[in-house]
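Welcome! Take a moment to turn the model around on your screen before reading on. We will start with some strands and then visit the ligand.

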Amino acid sequence: MIDKVKKIWLDGEFVEWQEARVHALAYTLHYGLGAFEGIRAYKRSDGTTHVFRLREHIDRLFGSCKMCLITPNVSRERFLQACVETLRVNGMSEGYLRPLVYVGEGDMGIYAPNNPVHSLVAGWAWGAYLGDEALRKGIRTKISSFARHHINVGLVKAKLSGQYINSVLAKREAKLAGYDEAVMLDVNGYVSEGSGENIFVVRNGILHTPDLSCSILEGITRDSVLVIARELGIPVVETRLTRDQLWLADEVFFTGTAAEVTPVREVDDRAIGDGAVGPVTKRIQSRFFDITRGSDSSHSEWLTRV
Ligand code: PMP
């Protein structure tokens, strides 16, 4: 369970944690049409707190709303401010932020275009999503029996509440079978992503990841890792990948706001490489953490001071 913080920002005001309630007939609760984000704030080695790629997250939130025809009730600027204020009001020097745009009660039909739109930002402390050991030693994964949404079934580039049933089913299946995380294929059998992470493969020194026409979320950590890899001189290829390319890989890792850069040491009971975290993953992971929580200031444009 997460630890409660003092306040949650709801429709422009901070309310006590226990007062941040939603009506039983809220449209999003019944039909799943809501857009959200997951954002991390880091305490850096000099003691300052910064939000990582805040504007990109809020831009994606507004993109998700646009695609599913929700007009947020507050502006982009107000959302940006609310994220920073949520950390300040709750005295958080680091943690996770969860903005959500959801639709309230009114009409109960599926169309219901005039129900009120609400916005919230909550924050809480969140350590390593898959555990500290996962970051150091890597995780065990299994290809899911659940395919990722077809590009014309859901809005794969949107981060929408209801779409996460697909992720939850895959994650639960993997955990119940004794693995740490699921690897999901698309409906054509190509590698898509994890239940809440993008995926990368290293073979012969070249970094591969599914391109943006694949059924993947346009991950902000994915983008950061692509930038970092190019800066480190690691060749990058964005392309479709197959399951056996995972099994034959020298290295595999996941990226995500929650998962950060998590090495994958096993896919379907087959060790990746020699089963240890590989050198390319290590270089990228260490650069990522130097930028987010260390002292590397080469990407100050990614950091918003709190
Ligand atoms: N794919 C899915 C399905 C996700 O939920 C996430 C987490 N937002 C990601 C990829 C990674 O995206 P990001 O790096 O922007 O957190």
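Which residue in S12 is the bridge partner of valine 202? That partner is leucine 207. Keep in mind that you are looking at a predicted model. With that said, here is a short tour, grouped by topic.

**The hairpin of S11 and S12**

- Strand S11 covers residues 198–203 and strand S12 covers residues 206–209; the two pair in the antiparallel sense over three bridges.
- Two residues lie between the strands of this hairpin, and asparagine 204 has a positive phi near 50°.

**From S12 to S13**

- S12 also pairs with strand S13 (residues 236–238), and here the two strands run parallel, joined by three bridges.
- To find this pairing on your screen, look for histidine 208, which stands opposite valine 237 in S13.

- Strand S9 (residues 181–185) pairs with strand S10 (residues 191–194) through three bridges, in the antiparallel sense.
- Methionine 184 has glutamate 193 in S10 as its bridge partner.
- Five residues separate the two strands of this hairpin, and in the turn glycine 189 has a positive phi of about 95°.

**Around the ligand**

- How many residues surround the ligand? There are 16, and the closest are Tyr164, Glu193, Ile220, Thr221 and Thr257.
- By type, the shell around the ligand has three nonpolar, eight polar and five charged residues.

**Contacts with ligand oxygen atoms**

- Tyrosine 164 places a polar side-chain atom 2.4 Å from an oxygen atom of the ligand.
- Threonine 221 also uses a polar side-chain atom, which lies 2.6 Å from a ligand oxygen atom.
- Isoleucine 220 uses its backbone instead: an N or O atom there lies 2.7 Å from an oxygen atom of the ligand.

**The pocket**

- The ligand takes up the space of the largest pocket.
- Helix H6 (220–231) and strand S14 (251–256) are the elements that each give two or more residues to the shell around the ligand.

How values were computed
Residues are numbered from 1 along each chain as its sequence is written. This is a predicted model: local features need pLDDT of at least 70, side-chain atom pairs count only at pLDDT 80 or more; totals for chains, interfaces and linings use all residues. Side-chain values use heavy atoms; hydrogens and water are left out. A residue is near a molecule or strand if one of its heavy atoms lies within 4 Å of it. A polar contact is a pair of N or O atoms within 3.5 Å; within protein, one must be able to donate a hydrogen and the other to accept it, and residues adjacent in sequence count only if both atoms are side-chain atoms. On a 1 Å grid over the protein atoms alone, a cavity is a set of points where a 1.4 Å probe fits but cannot get out, and a pocket is an open set with protein on both sides within 12 Å along at least five of seven lines; lining residues have an atom within 4 Å of a point. A molecule sits in a cavity or pocket if more than half of its atoms lie within 2 Å of its grid points. Helices (H or I, at least four residues) and strands (E, at least two) are DSSP runs, numbered from the N terminus. Ala, Val, Leu, Ile, Met, Phe, Trp, Tyr, Cys and Pro count as nonpolar, Asp, Glu, Lys and Arg as charged, and the others, Gly among them, as polar. Two strands pair if DSSP finds at least two bridges between them.
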